[in-house]
Amino acid sequence: MRYLPHTEEDVTTMLQATGVESLDDLFATAPDSCRRERGLNLPEPLGEFELCERVGSLAGRMGVSPEYTVYLGAGSYEHFIPASVSYLLGRSEFSTSYTPYQPEMSQGTLQAIYEYQTLVARLLGMDVANASVYDGASALAEALSMAVRITKRDKVAVSNLIHPAYRRVVQTYFETTGHEVAQLPYLSNGRTDLSELDRLEGLAALAVQSPNFLGCIEDVQAAADVARRKQALLVVTFSEPLAYGLLKSPGSQGADIACGEGQSLGLPQSFGGPGLGMFAGKMEHVRNLPGRLVGQTTDKDGNRGFVLTLATREQHIRREKATSNICTNNSLCAVAAAMYMASLGATGLREVAALNRDKAEYLKRRLIETGAEIPFEAPTFNEFVVKFGDDFSATYERLLNKGIVPGLHLASHYPELTGHYLLCVTEVRTKAQMDTLVKEISS
Amino acid sequence: MTRFPGATGLVLNEPLLWEKGKQGRSGMSIPPRDVDRSPFPEELLGTPPEFPDLSEVDVVRHYTRLSQWNFGVDTGMYPLGSCTMKYNPKINEKLAGLPGFSKAHPLLPHHLCQGALALMFELERLLAEVTGMHAVSLQPAAGAQGELAGMLIIHAYHKSRNSQRSKIIVPDTAHGTNPASAAICGYRPVKVKSNEQGVLTPESIAALMDEETAGIMVTNPNTLGLFEEHISEIGRIVHEKGGLVYCDGANMNALMGIVDMGKTGVDVLHLNLHKTFSGPHGGGGPGSGPVCVRKDLERFLPVPRVVEQEGQYVLSEQFPETIGKVHAFYGSFGVLVRAYSYILSMGPELKRASQLAVLNANYIKERLRGAFHLAYDRPCMHECVFSDKLQRAHKVTTLDMVKRLMDYGFHPPTIYFPLVVEGAIMIEPTETESKENIDLFIEAMKAVAEEAVQNPELLRSAPTRCKVRRLDETSAARSPCLTG
């Protein structure tokens, strides 16, 4: 086996040095009662060629571009990734290292993460960002736990227009804690109804997503005002960070914690993971942040260098009193996001964001022309809801057969939205593709 | 940072991103604009973030330079204990990057994602076979999230029996994530000491286990690299009082094809696919931490689950007793592809991988005996733990020694863990290191031990051959500078 370098001679010499007769004897401390009764019932090893055939055939049974034109968003977005980002990410000095516990030998990862933290803080308008958590969902769960810790209150209010999967993960994390999660309904314009909040007391946090799950841009400032009034922390979450290339940042509108999914920033969709949990907060709360932080310092000679810092928040030091149980995070994904943000720059970011918005607006206009209804009037970024009506399912099937996935039916998440579909248009959709979609829908 | 012209090329200095660039440059080719601009509501429009504008060449040189300051498994031996830094096969990278996987949207209609679902279904079965457990969920995104899922399953199990329990037994050798994960579930960790042989005794567990205790979290082999030989007896004691046995499978690389985790009495187990199953560690992640359970706990696994229905794979939510979701979608799918490819490449030879991992660790243990103090002088599994006890007389610490080891071109072992060994040096070579590499490592370690006696100052001032000298971690924490 090409990954196992030992020759029989090596094995013999090494066994002799250890004073053990055979490889089996190395396991003498494992009692018979714990041993397997039979060998591993696994298929015989495949060589590279056969493996490529086998796994390649699985990868071939997937509906992806260019064969399929996919209008799905809902937390996973098809964006163009520059070749340079994928290429650099393949540098195995990055990918085959681990957590930079030994900073002198890990300055590459450390500087890259320090830069990532900086770019994320700037994008979200926050003081400080951590080195990542797993995904948007766990980021929200961590944010709400952090708010509970800071305020010492145990009730949180969560908009119903936060990604349904994120809300379910919060529910899982909170299941055993006794913290209460109040769900906020939404208004007919597609934004969160904040009026309910006045009836809720003892809130640790108010959480809204912008753009929200229906694609609508929330009035974050209004949410911040209510949160202040209730002395609760405002958590702004997101699944599409590219929107902040156009929108006001969460921080500039009063967010105390901004967190969400960073897959859009140069990561392949990869059937939903790994993604990137982005997490940013205020400096005054830094000792309550979950996850790793990289800080700048100097070495013995006074040269700039970077280290993991404020580790006394973390599980390997604080154990059950840690701010989170997270250890391994999504570091390489964070480096990818930094490479992507660096490639775009401020100018490019605005241009890509505008392109997303403009293309989505184009499709929206064209669909309205054909008589489709856009039920929510709040402004949107690159996703929006269309009411096609109850009889659209036949059209949906017909389009699938033509290689078009025309969005996500919302009924399973919002039963009242039967016949409503969430469509996403990014910079990779062409006018011609959208014209085809419109033509197919109206035929 | 750049002290003289050409310094970035010669002495490997590289400015921070925002110390480079010029407004108006671009490092990215943006798809063409084929639609008109739409007006954007003024009140929603923000100012662009202060990102530097860089060219593609700027970006490529920047990250290429940074990568050169890193040390990975591809650079050299990386014997970081409890992290299983084995070789990461390149074919796995290629397969995870196949467009059918990398471009797949997670909410595709199920008939358009049969390939991914089949892979997940099969991987669950493969992991069940390797561990001896009955059912598997691939959803947890890393080991610690697998632990959390496992703890939630234990919580759900007790709840289903109308039993409310408040404590969990956690050995003093446990990873920090164990008590932290238990605490999220509202369990109070109760510490139990390992004995003078470094393992848990049935008596100590019997003394703590009661009907207020949800179970025990064990790591097997434990973080001293020792097989918990009384695990079956401990399991019986825990089960008798209605508790469950959780096993942290971070060290599964020692046991493949040899130990049946189900037979050891384990009820819930998590794996780290980025460790045992060769996923690259990515400078700290992404990982994947599947949770595996015995048969009657399957009903609590996270949803959705991949099930087979009329010859098709579908994602099913029809598990009313589930703990719910822990990930927005199905976990780190990209890591799953790598683990699947690895298992199919190895097949039954996974057993030999474990045997060689254990052989390498025992060989190091024997060859370094005498040069360093052996914390527990017993046959080890895939890792061995030394300490700086012999060097303390020369006022040399573990930290000094491993910093010096860097000058010899090796990544240091895990240090100061497990906490039960003062000045611990925890060495996990893995099976993919050849005898020659290991001999070089042993030679370097012995040279460091020698230097500790002859020239301790050399160690205290190490490293001298890395990008930077020893860094001031105290001031980094005292006045944190976390953004530039």
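1. Which domains does the domain assignment of chain B give? In this predicted model, the assignment gives two entries for chain B: domain 1 covers residues 92-348, and domain 2 covers residues 350-467. The points below concern how these domains meet.

2. Taken over C-alpha atoms, the centres of domain 1 and domain 2 of chain B are separated by 30 Å. Domain 1 of chain B puts 31 residues into the contact, and domain 2 of chain B puts in 22.

3. About 2100 Å² is buried between domain 1 and domain 2 of chain B, and carbon and sulfur atoms account for 62% of that area. On the domain 1 side, the residues that lose the most area to domain 2 are B:Leu224, B:Asn253 and B:Met256. Together they make up 25% of what the domain 1 side buries.

4. The rule finds 1 salt bridge across the interface of the two domains of chain B.

5. Polar contacts across the interface of domain 1 and domain 2 of chain B come to 10 residue pairs, with both residues of each pair at pLDDT 80 or more. On the side of domain 1 that touches domain 2, helix H10 of chain B (residues 333-346) gives the most, with 3 residues.

6. By class, that side of domain 1 of chain B has 16 nonpolar, 12 polar and 3 charged residues.

Conventions:
Residues are numbered from 1 along each chain as its sequence is written. Chains are lettered from A and ligands numbered from 1 in the order in which they are written. This is a predicted model: local features need pLDDT of at least 70, side-chain atom pairs count only at pLDDT 80 or more; totals for chains, interfaces and linings use all residues. Side-chain values use heavy atoms; hydrogens and water are left out. Domain bounds come from an automatic or database domain assignment. Contact means heavy atoms within 4.5 Å. Buried area is the accessible area (1.4 Å probe) that two parts lose on being put together, summed over both. A salt bridge is a side-chain nitrogen of Lys or Arg within 4 Å of a carboxyl oxygen of Asp or Glu. A polar contact is a pair of N or O atoms within 3.5 Å; within protein, one must be able to donate a hydrogen and the other to accept it, and residues adjacent in sequence count only if both atoms are side-chain atoms. Helices (H or I, at least four residues) and strands (E, at least two) are DSSP runs, numbered from the N terminus. Ala, Val, Leu, Ile, Met, Phe, Trp, Tyr, Cys and Pro count as nonpolar, Asp, Glu, Lys and Arg as charged, and the others, Gly among them, as polar.
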